[in-house]
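Here is a short tour for someone meeting this protein for the first time. Have a look at the sequence and the model, then read on.

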Amino acid sequence: ACASTLVRGSVLRGLGGLLAAFAVIVLVVTRSMRTTLAMTVCLAVTPLALFGIVGLSRMPLDIIAAPAANVALPLGIDEMIHLGHRVRHARRRVGDLWAAWKEALAEMWPPILASMLIVASGFALFLLSDFPPTQRLGVLVCIGAVVTDLVVLLMLPALATSGRSTRRPET
């Protein structure tokens, strides 16, 4: 098999396994299939966007640039965990799901964007390299960090609250 086929297979198995493990952990922690699906779909957006960009731009996917999604995904996982934790605590206080999300987002967007800027700044240094695969890794990680944050801050709250009654039933 050619090297690109091996790289593609490795990336697909690695990301598929990561997404499956993430879904199981979220399901155990949240005990909510809806939340699990929302978070897993949101997490899958980053590699789909990155590899879509790679395909559309006909960028070579080599062994150095291929792990870019694996670098960006833990950023999203960490952000989702912290944001979900804040939402859960806010929901206990305010009861209303959307109000809890608004409160959590108001508190968490600055550290989420700060961590993205730190990661993107660090990997942007790879653009100074004379080695094209290293440059591609830097570009893809920077794009992945931005996509991940947009998904966590915009798409996740929309998916997690869509079609739901926002008020928790009185017990």
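Which helix supplies the largest share of the lining of the second largest pocket? That would be α1, with six residues.

Before going further, a word on the ground rules. This is a predicted model, in which local features need pLDDT of at least 70 and side-chain atom pairs count only at pLDDT 80 or more, while totals for chains, interfaces and linings use all residues. Residues are numbered from 1 along each chain as its sequence is written, and side-chain values use heavy atoms, with hydrogens and water left out.

**The pockets**

A pocket here is an open set of points on a 1 Å grid over the protein atoms alone, where a 1.4 Å probe fits and protein lies on both sides within 12 Å along at least five of seven lines; lining residues have an atom within 4 Å of a point. Grid points are joined across faces, edges and corners, and a volume is the space filled by probe spheres set on the points. Helices are DSSP runs (H or I, at least four residues), numbered from the N terminus. For the lining, Ala, Val, Leu, Ile, Met, Phe, Trp, Tyr, Cys and Pro count as nonpolar, Asp, Glu, Lys and Arg as charged, and the others, Gly among them, as polar.

| Pocket | Volume | Nonpolar lining residues | Polar lining residues | Charged lining residues |
|---|---|---|---|---|
| Second largest pocket | about 190 Å³ | nine nonpolar | one polar | one charged |

The largest pocket has 24 lining residues, and the closest to its centre are Thr30, Thr35, Met39, Gly84 and Arg88. Helices α1 (3–30), α2, α3 (68–94), α4 (97–124) and α5 (132–161) each put at least two residues into that lining, with α3 giving the largest share, eight residues. As for the second largest pocket, α1 and α2 each supply at least two of its lining residues. Its lining includes Arg8, Leu12, Ala44, Pro47 and Leu61.

**Two helices and what follows them**

How do the helices compare with their expected span, which is 1.5 Å times one less than the number of residues? The 24 residues of α2 (residues 33–56) should span 34 Å, and the end C-alpha atoms are 33 Å apart, which agrees. For α3, the 27 residues should span 39 Å, and the ends are 39 Å apart, so that agrees as well.

Arg58 has a positive phi of about 55 degrees although it is not a glycine. Most residues other than glycine have a negative phi. Arg58 is also exposed, at 75% relative accessible area. Gly95, which follows α3, has a positive phi too, near 80 degrees.

**Cysteines and a buried arginine**

How many disulfides (pairs of cysteine sulfur atoms within 2.5 Å) turn up in the whole structure? The search finds zero. Cys42 is buried, with a relative accessible area of 1%, and Cys142 counts as buried at 15%.

Arg136 sits in helix α5 and is buried, with a relative accessible area of 17%. A polar atom of the Arg136 side chain lies 3.4 Å from the backbone oxygen of Pro60.

Notes
Expected span 1.5 Å × (residues − 1). Disulfide = S-S within 2.5 Å. Buried < 20%, exposed > 50% of the residue type's maximum accessible area, 1.4 Å probe, protein only. Polar contact = N/O pair within 3.5 Å; in protein donor to acceptor, adjacent residues only side chain to side chain.
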